[in-house]
Amino acid sequence: MPNESTNSRPDGDRPPARSDRPTRSRRHFLALTGVSAAGLTGLAGCSTATITPDNGGGDGSDGGSDGDDTPDGTPTDAANAVPRSLEAWPGYDPEWSAPTTSPLEADLETEVLVENLEIPWDLAFAPDGSLFITERVGRVLQFDGGEVRTVAEPAGAIDAGALEPGSDKRPWWVRGGEGGTLGIAVHPNYPDPPHVFVYYTYRDETDTRYNKVAVFDVESADPGTAVRTVVDGIPADSYHNGGRVTFGPRNHLWITCGDGGEPDNAQNLASLAGKILRVTPEGDPAPGNPDYDDPDADRRIFTYGHRNPQGVVWTPDGTPFNSEHGPSGRDEINRLVAGDNYSWDDVFKPDDYPGSGFHPPVFNTGATSFAPTGSLFYTGDRAPALRNRMITGGLISQQLIVTTLTPAGDPLPPSEDAYAQVTADWSDDAYVATVHTMFKNELGRIRHVEQGPEGDIYVCTSNRDGRANGEFPREVDDVLVRIRPA
């Protein structure tokens, strides 16, 4: 059977019209141990009025004025300004250090908060502690600890479909492939305005698939109509749709775009496929974005040469990293440098990086497939053994991937209990990646990892997408889970 990182394509993959969507599955909301059922008061009470960390520091750019002025230099009202300087980011810590202990020292337990979700893809906390969840069948949900309600249903978004809970079918592809309603980010000033940014797949009048990012008002009486489009025309297909959208520390919007099934586009600077974009909330190129020699280059592109990136995080000093799917394994974690080329589809095997001129990864899985998805850089105090580490969901590997990113020359964590500690000459020499894995086959396919305002870790699973192994999907799948100290 192919894995999440293969190039295989199914036949006859066309979803039915939205009017044919099956009846919504039952959904069970569980009591939260130690948290008020009236809402996520235990979360909101500990949060500050800032966007939930995803986590990290700056946007990896030396240019651009992101303080008290707009990109054109016009002064702004500091209380309502979206752009900010790196130093104004609450998580900024230029003196941070990577841990030298093992993350496996953590004593953690899982708590299921919501059952029977339909292929959730992304999680994002608002400053008030409420949680937004996307489902690939075409919904945006809001969870406040007491109830879940639908707040947006993007008109035109394809319905990916979902297996029934407990199904023993293994179609490999639900009818929407890897598309649907994918990433979500909450406006940094939420609830003023009450806007979320949603990445989703749709078909145009010629039946061609595209991805777009649009803004939705979660208080609108018309949940299908967007407030505005931020980015459109991102190539899409049954696979390699990328899909993560998140605000960086300077409050620029970062968008991960897969190659859309056309590998050559990853090297084409006039195409948005195979790129990581950095834009303003209005969709314009972010200040300080790279200038390329190619006159046709799209100024919204921050880095290129990506295959299917699905996670972006920042270390507290402002360094961005991403996680992405490789071919037949060769999954990667990369340090992102503005304007750099990450090699797809010319180079993807570790031994081919030296001398290639491409930016090498800090970690490459070789022939083993992790299928890394959404990530966070954990900065909380609830799980001290995980603090200052990158945590990534694993799909086909059905695990959490914990990566310690140690600046070159600094002390390393122990490697005896690690999956890998990368010091090879093919890797990015600015950092050493020490990789551990956790929760193997306990939750199934982990799609995204997010940090809550109180410092717990939240994950959602993707067990109803036709690819789960073993006992998954269970009768309770898909689930929202909180990971916290035992």
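Reader: Pro 188 is found in the loop between which strands?
Author: This is a predicted model, where local features need pLDDT of at least 70, side-chain atom pairs count only at pLDDT 80 or more, and totals for chains, interfaces and linings use all residues. Residues are numbered from 1 along each chain as its sequence is written, and side-chain values use heavy atoms, leaving out hydrogens and water. Strands (E) are DSSP runs of at least two residues, numbered from the N terminus. The loop that holds Pro 188 runs between strand E7 (181–186) and strand E8 (195–203).

Reader: Does Pro 188 count as buried or exposed, and why?
Author: Buried means under 20% relative accessible area, exposed over 50%, and partly exposed in between (1.4 Å probe, protein chains only). Because its relative accessibility is 8%, Pro 188 counts as buried.

Reader: Which side chain of opposite charge is nearest to Arg 464?
Author: Arg 464 sits in the loop between strand E25 (457–461) and strand E26 (480–485). Arg 464 is buried but has no salt bridge, a term for a side-chain nitrogen of Lys or Arg within 4 Å of a carboxyl oxygen of Asp or Glu. At 4.4 Å, the nearest side chain of opposite charge is that of Glu 118.

Reader: Leaving aside its neighbours within four places in sequence, which residues is Val 476 in contact with?
Author: Val 476 lies in the loop between E25 and E26, and its relative accessible area of 24% makes it partly exposed. Contact means heavy atoms within 4.5 Å. With neighbours within four places in sequence set aside, Val 476 is in contact with Glu 115 and Asn 116.

Definitions and conventions:
Helix = DSSP H or I, 4+ residues; strand = E, 2+ residues; numbered from the N terminus. Lys, Arg positive; Asp, Glu negative; His and termini not counted.
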